[in-house]
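Hello,

Here is the structure we discussed.

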Amino acid sequence: MMRMMNFLRLIKMQHILHFRWIVNQMNPYIVVTKRKLLSFFLIIPFAIGMIIYFFLKGLFYLMLSNDFQPTKEQVEVTLSFLYLALFWRLLTHSYREVFLRAFYSNDYKFLTIHNNDMISIRLAKLVDAFFLNIIFFTLPFFVGASLAFNHVFIGYHIHIMYYILDTFLVIGLALITRMLIMSLSGLLKQQKSSKARSWFVSLPFYFVRLGITALVGYFSFYIIYNSSAMKTIIKKFQSFEWFTGLITSLYFPTNWVLQGLYIPFIILLLFGIYVLLWIHKKFKGAILGTDSIQRGNFTIPNLLFKKTNSKLGNLFYKDLLLLVRNRELVLPQLRLFLTLAALFLGISLAVSELGWFRIDAVSFSTIVVFQLLVTAFAGNMVTRVTSIDAEGKMIKVLLIHLKNPFKLFQAKFILHFLFLLLINFMVSLIFTIAIKANVKVITFGFVSLLLISIVSSLSFLVANVIFPRFDWEDESRIGTSDKANILESIILRIYELINITVFGTSGAFLYAHRLNEQTFFQYSIGCILLTSLSWSVILLIVMRYPWWKGWKI
């Protein structure tokens, strides 16, 4: 009993500390007392539930106005999908962060002083702040959505068991499964298995999530575009009867609760708890610590620079290794980018089916616009490495050992350009495949990709060289020079404005039959070639000025 009380006390402490940290990030001057804490945990979920209730109520009334009345089978398919999505979300959310806190923390000795046994500490750390998301979003969403549905549709009501008891059971299954997977990963790591990595589960999960995101983008576009959106969705689901049959099948334990199979479900939960406790008893010795983290050797073939003593090569590979090894620099934003790319793929497939891209001019113009957007997004992802600011106080050492910093500028430019080119290539490839573009559009698209990446990289470098900021104390402050950001924005926005104006004007004349498609491509490609060449020459001339002599170091 004492062990259980300690376990619950640790979980409560973790949730309170994590919540206080979130509040402190929003407003460091708020003092979270017990009364404020209680009010937060009561008012915020209620407010979120009310917002979801009124929003979905309006959406359901819109569906009802389109003569849509859901049947029992459709509601069951929707609930099955929601429970699967909930299970997947809870299973994968903050997986890596929780795993690191559970198995690579240094506060175990401190916690054992307060009569906490090692198993309770491990299990509590695996729970982490799991229930904050449940309290503030999951339960308000399910309760608000169910009440809104029951208020609007009178043909079939969602029973209170579905959005209260069944939701709690699915949450419990997700938590036990998540703790089991992390425990197995930790146990395999302790046994020094070279194949045991925490991402052996999270990576497949992430790719499946990207596929689900693409489907969401595909169906969402139909909801926005088609006035009879729900009927279209139903037709799409009817064409995937095998898919809906799989979602509602008993292969997924999340459907057991919908079918009333509570006893097998509870037996599964108890079995999972038993296996979890058994695994932790098999841990021998102390828990994995930070000393056990080993970084494997990482080598990159010297393909770009043949001389091993090349200053340019050394500077380039220094930044490249930093970019690859420090996952926190790019990985979070890269995940967001891949999610947006999956959503974009789904929308592109839906738009392509409508025949909007049968005209080559429309396809090419859309590709260029998205390349401009993706370039800005990708540039922010790699700023902390390719910025001159990233050198910090070490810039003094570099200036001493380099006759002039042009080698450093070249290395930064090459890495920034290659990264933008890679990200832009991924998006352009996805889009051209989705719209089934012909060879002419693909060729012009990749020419514009190359030119936009060059101009964007040069603009970033020039602005960063003229207005650097080396006095940062934290990595998050790299690339935050206001003057550099304003200068870069002015250079790129003028470049984008000229090209978009020419594209739009040519497109309008093409639509009015004042131009043919061949002339449209001549004007468009000629404009982007001319502006890119002009901007590149001007920026390279500006770079020849010794701006580093006026740097404040």
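A search of the whole structure finds two salt bridges (side-chain nitrogen of Lys or Arg within 4 Å of a carboxyl oxygen of Asp or Glu). This is a predicted model: local features need pLDDT of at least 70, side-chain atom pairs count only at pLDDT 80 or more, and totals for chains, interfaces and linings use all residues. Residues are numbered from 1 along each chain as its sequence is written, and side-chain values use heavy atoms, with hydrogens and water left out.

Helices are DSSP runs (H or I, at least four residues), numbered from the N terminus. E517 is partly exposed at 25% relative accessibility, and K440 is too, at 36% (buried is under 20% relative accessible area, exposed over 50%, partly exposed in between; 1.4 Å probe, protein chains only).

The other pairs R493 with E496, closest N and O atoms 2.9 Å apart. Both sit in helix 21 (residues 482-511), three residues apart, about one turn of the helix. R493 is partly exposed at 38%; E496 is buried at 15%.

Next, helix packing. The axes of helix 19 (residues 406-435) and helix 20 come within 9 Å and cross at roughly 145 degrees (lines fitted to C-alpha atoms over the stretch in contact; angles run from 0 to 180 degrees between N-to-C directions).

Best wishes

Definitions and conventions: Helix = DSSP H or I, 4+ residues; strand = E, 2+ residues; numbered from the N terminus.
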